[in-house]
Amino acid sequence: MRVPFIKMHGLGNDFVVLDARRDTLPAMTGALAARIADRRTGIGCDQLILLEPSDSADFRMRIVNADGSEVGACGNATRAVVLLHGAPARIETDGGLLAAEPRDGGATVDMGRPRFGWDEIPLAYAMDTLSMPVGWDGLKTPAAVNVGNPHAVFFVPDCDAVALESLGPRIENDPLFPERVNVNVATVESRSRIRLRVWERGAGLTRACGTGACATAVAAMRRGLADRAVEVVLPGGPLDIRWGEDGRIAMTGPAREAYRGTFEWDDFA
Ligand SMILES: N[C@@H](CCC[C@H](N)C(=O)O)C(=O)O
């Protein structure tokens with residue numbers, strides 16, 4: 001069976017989007033998604049995105065990491081799919097209901113309210129999540145935030161100097177995080193600008209992570225390091241993050257369609 005796909009990205013965090021609202025597709029499995037995501041033998045992407053019909057929203061978005069794990073949130077993909085939708089949309093995800101609207105070649109997404117309880121991250125045992133009393137080599141006392149998915153945020157003098165390729169997978173898979181974790185290293189440059197690199201759970205180093213930008217901005221604001229509106233600059237470019245008085249996070253940034261194609265489902269099944 002030949003299946004159409006759309007290749008999209010948000011600041012270089014790239015996606016293969018399959019639209020099962022229109023095309024009837026066989027069931028997606030983690031192994032199949034991982035084969036499609038493979039950059040040498042598949043189409044290649046950080047996340048596979050499946051759009052499906054929804055009873056409670058305009059459509060449902062499923063998010064599968066390159067390693068085949070299905071997860072609750074992806075900020076960059078949310079901007080990409082609302083751009084594709086071409087109109088304001090309510091989107092059902094495993095991490096909650098999101099409202100998003102296209103804007104200037106990108107989108108603004110209401111990412112909802114962050115959660116800070118140790119069991120909501122989740123962590124393996126109770127501890128302070130604003131300044132966790134733990135460390136891995138030079139990286140220590142992270143903040144933990146759940147924005148539909150789990151994040152650990154480390155504030156460091158220079159995020160470009162951190163060996164994230166080696167520390168990222170160690171922290172991601174530490175038993176302290178029973179559902180693994182996305183690892184963020186951030187440098188606060190001013191009260192309105194933060195530099196950020198992210199080792200993503202299930203995908204490794206990516207050029208940008210929307211939920212990572214939200215988690216980092218909120219952690220910096222809670223620690224009194226930043227104002228309620230910040231520019232978070234990732235290797236792929238900047239995102240505008242605002243944490244409203246109502247507790248909800250608004251993320252604004254670009255998204256692009258790169259190209260469209262088809263593939264033979266059975267080649268990957
Ligand atoms: N790229 C994403 C996050 C994708 C999911 C993440 N790797 C996880 O496992 O939670 C973003 O833009 O937020």
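Ala, Val, Leu, Ile, Met, Phe, Trp, Tyr, Cys and Pro count here as nonpolar, Asp, Glu, Lys and Arg as charged, and the others, Gly among them, as polar. The structure is a predicted model, in which local features need pLDDT of at least 70 and side-chain atom pairs count only at pLDDT 80 or more, whereas totals for chains, interfaces and linings use all residues. Residues are numbered from 1 along each chain as its sequence is written.

The shell around the ligand, in which a residue is near if its C-beta atom, placed from the backbone, lies within 6 Å of the molecule, holds five nonpolar, 11 polar and three charged residues. Of these 19 residues, Asn-76, Asn-149, Arg-201, Gly-210 and Thr-211 come nearest to the ligand. Because domain 1 (2-112) and domain 2 (135-251) both give residues to the shell, the ligand lies between them; the domain bounds come from an automatic or database domain assignment. At least two residues of the shell are supplied by each of β4 (59-65), α2 (75-85) and α4 (210-222), where helices (H or I, at least four residues) and strands (E, at least two) are DSSP runs numbered from the N terminus.

The helices α2 and α4 pack at an angle of about 125 degrees, with their axes 5 Å apart, the axes being lines fitted to C-alpha atoms over the stretch in contact and the angles running from 0 to 180 degrees between N-to-C directions. The contact (C-beta atoms, placed from the backbone, within 7 Å) is made by Gly-75, Asn-76, Thr-78 and Arg-79 of α2 and by Gly-210, Thr-211, Ala-213 and Cys-214 of α4.

Methods
Contact = placed C-beta atoms within 7 Å.
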